[in-house]
Amino acid sequence: MTKAMWSPGETQHEDREYRGFASFDDPEALSYVDSNGNPNFALIQQTDEFRSLRRRLTMFIFPMTVLFLASYLTFVLLSAYARDIVSIKVIGLINLGILLGLGQFVTSIIITLGYARYAKRRLDPQRKLLAEKTGVEE
């Protein structure tokens with residue numbers, strides 16, 4: 001096998017015999033755990049499984065963050081600049097502003113439960129796959 005580039009586990013500054021631009025030796029097996037049993041995080045971050053895990057996490061976090069900030073800023077802006085709207089009575093002494101404020105708690109709970117479900121179904125299996133590949137115990 002031709003080895004024309006540095007592998008993810010190698011750096012150009014390691015003290016090893018220089019073999020030239022290309023060699024036909026078998027590539028060395030990459031170890032994701034050092035001799036003390038500690039994970040090699042820099043090497044783990046370069047694996048496809050880790051990238052997939054990060055991508056899945058990002059695909060949930062960014063939309064939910066935007067959703068929550070939009071709902072919160074809407075509540076704050078309505079409270080500050082549309083007092084006539086938030087003061088509309090809904091039931092007895094309860095007005096729209098109180099319901100919107102309580103809606104922030106509901107939104108937080110829904111996002112938390114959604115994340116727990118998403119993590120259990122999409123992130124945990126990928127994390128287990130990454131742990132099996134790297135040999136890092138949980």
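1. F68 is partly exposed at 27% relative accessible area, and Y72 is partly exposed as well, at 39%. The classes are buried under 20% relative accessible area, exposed over 50% and partly exposed in between, with a 1.4 Å probe and protein chains only. The model is predicted: local features need pLDDT of at least 70, side-chain atom pairs count only at pLDDT 80 or more, and totals for chains, interfaces and linings use all residues. Residues are numbered from 1 along each chain as its sequence is written, and side-chain values use heavy atoms, without hydrogens and water.

2. There are three aromatic pairs, where rings of Phe, Tyr and Trp (its six-membered ring) pair if their centres lie within 6.5 Å; planes under 30 degrees apart are stacked, over 60 edge-to-face and the rest tilted. Helices are DSSP runs of H or I of at least four residues, numbered from the N terminus. F60 and Y118 are both buried.

3. F68 and Y72 are stacked because their ring centres lie 6.3 Å apart and their planes are at 10 degrees. The two residues are four apart in helix 2, so about one helical turn separates them.

4. One aromatic cluster is formed by F60, Y115 and Y118.

5. T47 sits in the loop between helix 1 (41-44) and helix 2 (48-81) and is buried, at 4% relative accessible area. Leaving aside neighbours within four places in sequence, T47 is in contact (heavy atoms within 4.5 Å) with Y32, L130 and K133.
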